[in-house]
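The entries follow the order in which I looked things up.

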Amino acid sequence: METGEGNCTVVMEFILLGLSDAPELRVLLFMVFLLIYGVTFLGNLGMIALIQVSPRLHTPMYFFLTHLSFVDYCYSTNIVPKMLVNIINEDKSISFLGCMVQFYLFCAYGIIEVFLLAVMAYDRFVAICSPLLYMVTMSQKLRMVLVSSCYVCGTVCSLIHLCLALEIPSYRSNVINHFFCDLPLLLSLACSDVTVNELVAYILATFIEVIAIVIILTSYLFILITILRMHSAEGRRKAFSTCASHLTAIVVFHGTILFTYCRPSSGNSVDADKVAAVFYTVVIPMLNPLIYSLRNKDVKEALRRVVGSKMFSWRIFQSGGWWRAELVGCGVGVERIAQE
C-alpha cells in the first residue's frame, strides 16, 4: 500500500490480540502459562545455580549449558510476563518503543540460542572424537571466544533488523494478531515498501540457519563415525547418552523454527503460527532444563549431592540449658537460654 493513502498513520502503540479472545479461556490460559513460566524460571536459574555450586559440573559442556539456560530464561521473560498481563487485562496495548524492544530481544535471544546449540555440537564432537585432548582443546579462552561470538552475532543481526524496522514511517493498522511483536507481522502492517527489510531478513535467517545446521550435522557425522568404530558396547552407550540431551534440544528447537518460518502460508497459518510461537517462546525454554536434567546422570547426581549436602540441612539439638538451631555450612546460628 502506498504511504499516501489516508488510512496510513504514525503508530504510537500497538494492540496485541493475544492467543484467544474467548473470555471463558482467560483464567485457564493465565494459570497454564503462569505455571509454565514458573517452571521455566526455577528450572533455568536452578540449572545455572547447580552448575556453579557443583565442582563436577565445571566442564566445557556445562559452561555452555549455563549460557543456554540464561538465554532460555531471558527469551521466555521477554515474552511471557507481557502475555500474562494481556490475558487478564482488557487493555492489550504495548507502546511503539516497547514493541521494538520486545522484537529486538526476541530476535537476539533466538539467534544466540541457534549459535549456542551449534557450539555445543562442536563441543560434543571434540569430547567424543578427541577425548584425551578435550580439556586442552576446549580451553577457557576458546570457550569465552565461542560464547562471546554467539552473543555478538545475535546482537548485531537483531540490531540490523531493528534499524530497518525503525525506518518504516507509517502503518495501515496498529492491531497485531499475535501475543508478541514479531518482524513478519510488523512488515505485513507497513504502508511503505518493505522489500529491503524482507530481503535482509531472508538472507540473514538463511545464513544463520545454514551455518548452524552445517556445524551441527558435520559434528554429529564425525561423532557417529567415531561411535561406530568403538569396540566397546558400553563406550557406544555412554557416547550416545552424552549426545542424547543435546540432540533432543536441537530437534525440538530447529524443528519448530523451520515449521514456523519455512512452510508455505495458508488460510489458517495465523493460528498455526501462534501455536508454534507458544512452543518455541514458552514451552522450549521450560523443556531444555528438564531435558538436560532428566537425561543426564551427572546433573542428577549433582542435584542429589546438593540437596543432600550439609549446606541445606538443619540440625536441632539440646545441650544442657541451651537450645541451638544451626544451618550447617553457612555459619548461621540461633541461640536462646532455656528458662530456669
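**Entry on the model.** I note at the outset that this is a predicted model, and I read every entry below with that in mind.

**Entry on helix 2 and helix 3.** I began with helix 2, residues 60–88, and helix 3, residues 96–129, whose axes come within 10 Å and cross at roughly 160°. Since angles over 145 degrees count as roughly antiparallel, I wrote down helix 2 as roughly antiparallel to helix 3. The hand of this crossing is left-handed. I then sorted the residues of the contact between helix 2 and helix 3 by class, and found 17 nonpolar, 4 polar and 5 charged.

**Entry on helix 3 and helix 5.** I next took helix 3 with helix 5, the latter spanning residues 140–166, and found the two packed at an angle of about 150° with their axes 8 Å apart. The angle is again one that I set against the cut-off of 145 degrees, and helix 3 and helix 5 are therefore roughly antiparallel to each other. Their crossing, however, is right-handed, whereas that of helix 2 and helix 3 is left-handed. In the contact of helix 3 with helix 5 I listed 21 nonpolar and 4 polar residues, and no charged ones.

**Entry on the second largest pocket.** Which residues lie closest to the centre of the second largest pocket? The pocket holds about 490 Å³ of space, and of its 19 lining residues the closest to the centre are Met 61, Arg 124, Lys 238, Thr 242 and Asp 298. I traced the lining to its elements, and at least two residues each come from helix 2, helix 3, helix 4 (134–137), helix 8 (233–262) and helix 10 (297–308). Helix 8 provides the largest share, with 5 residues. By class, I recorded the lining of this pocket as 9 nonpolar, 4 polar and 6 charged residues.

**Entry on the cavity.** How many cavities of 30 Å³ or more does a search of the whole structure find? The search gives 1, and the space in this largest cavity comes to about 120 Å³. It is lined by 13 residues, of which Gly 18, Leu 19, Asn 86, Ile 87 and Lys 92 are the closest to the centre. Helix 1 (26–53) and helix 2 are the elements that give two or more residues to this lining, and helix 2 gives the most, with 4 residues. I divided the lining of the largest cavity into 7 nonpolar, 3 polar and 3 charged residues.

Is Ser 76 buried or exposed? Ser 76 sits in helix 2, and I marked this residue as buried because its relative accessible area is 0%, below the 20% under which a residue counts as buried. Ser 76 and Tyr 280 lie 204 residues apart in sequence, yet their C-alpha atoms are 9.1 Å apart in space.

I then turned to Ser 148, which is found in helix 5. With a relative accessible area of 33%, Ser 148 is partly exposed, as the value falls between the 20% and 50% cut-offs.

Notes: Residues numbered from 1 in each chain as written. Predicted model: local features only at pLDDT ≥ 70, side-chain atom pairs only at ≥ 80, totals over all residues. Heavy atoms only, no water. Axes fitted to C-alpha atoms, helices over the stretch in contact; angles between N-to-C directions. Parallel < 35°, antiparallel > 145°, perpendicular 65-115°, else oblique. Left-handed = near helix turned anticlockwise from the far one by under 90°. Nonpolar A, V, L, I, M, F, W, Y, C, P; charged D, E, K, R; others polar. 1 Å grid on protein atoms, 1.4 Å probe; cavity = no way out; pocket = protein on both sides within 12 Å on 5 of 7 lines; lining within 4 Å. Points joined across faces, edges and corners; volume = space filled by probe spheres on them. Buried < 20%, exposed > 50% of the residue type's maximum accessible area, 1.4 Å probe, protein only.
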